[in-house]
Amino acid sequence: MDDEESIESKTQVDTLSELAPHSSDDMLYCEAETPTTVEKEKTTQEDSETDLEIEDTERYYTTGQKELYLEACKLMGVVPASYFIRNMEESHMNLNHHGLGPKGTKAIAIALVNISNNKIGLEGARIISDFLQGNTSSLLKLKLSGNNFKKDSAALLCQALSSNYRIRTLSLSHNEFSDTAGEYLGQMLGFNVGLQSLDLSWNHFHTQGATALCNGLRMNVTLKALDLSMNGLGNEGALALGEVLKLNSCLCYLDVSSNNINNEGANRISKGLEFNETLQVLKLFLNPINMEGAVVLILSIKRNPKSKMEELDIANVLVTEQFIRVLDGVCAIHPQLDVIHKTVQGFSTRKTFLNNTNPMKMIQSYAEQQKITVLEFFKRLNSTGSMTMPVGEFRKALVQQNKVPMNRYQVRELIKKLDEKKGIVDFRNCTGFT
């Protein structure tokens with residue numbers, strides 16, 4: 001892989017990691033384009049109770065942040081904290097004993113653009129929209145989950161994002177967006193040329209909203225990761241997604257778990273998989289799909305020689321040994337593919353034994369016989385000799401090597417131990433696993 005491909009792969013991995021499974025209560029932060037580090041000594045009260053404490057190694061405050069904070073204070077009806085304003089440029093700020101109170105803390109949360117689960121509603125959306133349209137912000141990440149946003153809030157935010165191309169990662173999960181909001185978001189996706197990761201899970205999108213979003217995706221050339229899980233797209237929404245997948249050449253990660261998509265919807269999505277050349281991860285978990293729909297999906301990947309699919313999540317689908325035989329044929333063509341399904345029934349005793357054999361112990365045993373280190377074994381899998389490797393490439397290399405034969409389930413177990421949940425396998429400290 002040359003330098004240009006390495007850079008592109010890293011960018012893609014970083015984007016996919018944004019939508020890795022996490023709790024809706026996880027604390028995320030905003031990230032700026034100019035990471036100027038400012039060292040500051042921690043206070044001695046660091047271990048005491050705090051109203052709010054902000055600390056990181058990068059500088060997250062930029063021109064316009066003060067104005068956003070002052071507007072947020074007006075919204076909350078509180079007096080701005082002068083200490084916070086004076087220290088906005090610092091990488092560490094300890095706000096112990098400043099008497100912020102709930103409303104003062106919420107105003108600071110808005111200024112930090114870490115506003116999840118604050119229920120700021122339409123007025124809060126208006127402030128954020130005005131701030132983004134000012135084009136003075138260099139924010140890269142924006143988390144607005146759980147804020148009671150409805151269609152009017154969507155209209156404001158989409159108006160801003162149709163012209164603000166700096167935001168790379170946007171989370172709008174756990175809101176109350178309807179199909180009308182989906183139309184606004186679809187229009188925004190058609191114009192926006194900066195957004196790379198969008199989380200719209202846990203909203204109220206149905207067929208109309210899904211169709212509008214897909215219309216936007218037809219024109220979008222930057223979005224790499226989209227989470228639409230826990231909505232109500234249904235089979236008609238799946239049809240729209242299937243049509244988009246035929247044309248889209250950017251999307252790498254798509255989560256449509258729990259969207260009332262059955263075998264008919266799976267068949268419609270499969271039509272897109274036959275032609276798509278960029279999608280790597282497709283999550284269909286918790287949809288009413290059975291083995292018939294699962295077979296249609298994997299065969300569509302088999303028919304696409306240019307497929308980049310690495311993970312198909314149908315974890316609630318119970319399959320038989322017949323399905324495994326079909327899957328073996330698919331993986332012979334696409335060794336980078338892993339299909340996550342429910343416990344298999346009817347496996348032979350030999351296969352069960354192989355599944356329970358610790359893959360790391362197998363590698364350690366081989367390494368001892370060859371008088372090499374485990375790390376050296378892994379490095380030989382990578383043509384670049386690097387200590388890290390994208391998951392798909394690592395899976396393909398392990399399946400194709402013949403020094404330590406292992407099946408897909410053992411490879412999956414090994415990846416669980418080595419993957420940092422960012423789509424990258426790290427060989428360092430691998431000898432610590434047994």
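This is a predicted model: local features need pLDDT of at least 70, side-chain atom pairs count only at pLDDT 80 or more; totals for chains, interfaces and linings use all residues.
Residues are numbered from 1 along each chain as its sequence is written, and side-chain values use heavy atoms, leaving out hydrogens and water. Local features need pLDDT of at least 70 and side-chain atom pairs count only at pLDDT 80 or more, while totals for chains, interfaces and linings use all residues.

**View 1. D313 and K283 meet through their side chains in a salt bridge.** A salt bridge here is a side-chain nitrogen of Lys or Arg within 4 Å of a carboxyl oxygen of Asp or Glu; for this pair the N to O distance is 3.6 Å. D313 sits in strand β9 (residues 311–320) and K283 in strand β8 (residues 281–283), 30 residues apart. Helices (H or I, at least four residues) and strands (E, at least two) are DSSP runs, numbered from the N terminus. Both D313 and K283 are buried. Buried means under 20% relative accessible area, exposed over 50%, and partly exposed in between (1.4 Å probe, protein chains only).

**View 2. R412 pairs with D338 in a salt bridge.** The N to O distance is 2.9 Å. R412 belongs to helix α17 (residues 408–418) and D338 to strand β10 (residues 338–345), so this pair ties together parts 74 residues apart in sequence. R412 counts as buried at 18% relative accessibility, and D338 is buried at 5%.

**View 3. R428 and D426 form a salt bridge.** Here N to O is 2.7 Å. R428 is partly exposed, with 46% relative accessible area, whereas D426 counts as buried at 10%.

**View 4. E236, E264 and R268 are linked in a salt-bridge network.** For context, a search of the whole structure finds 13 salt bridges.
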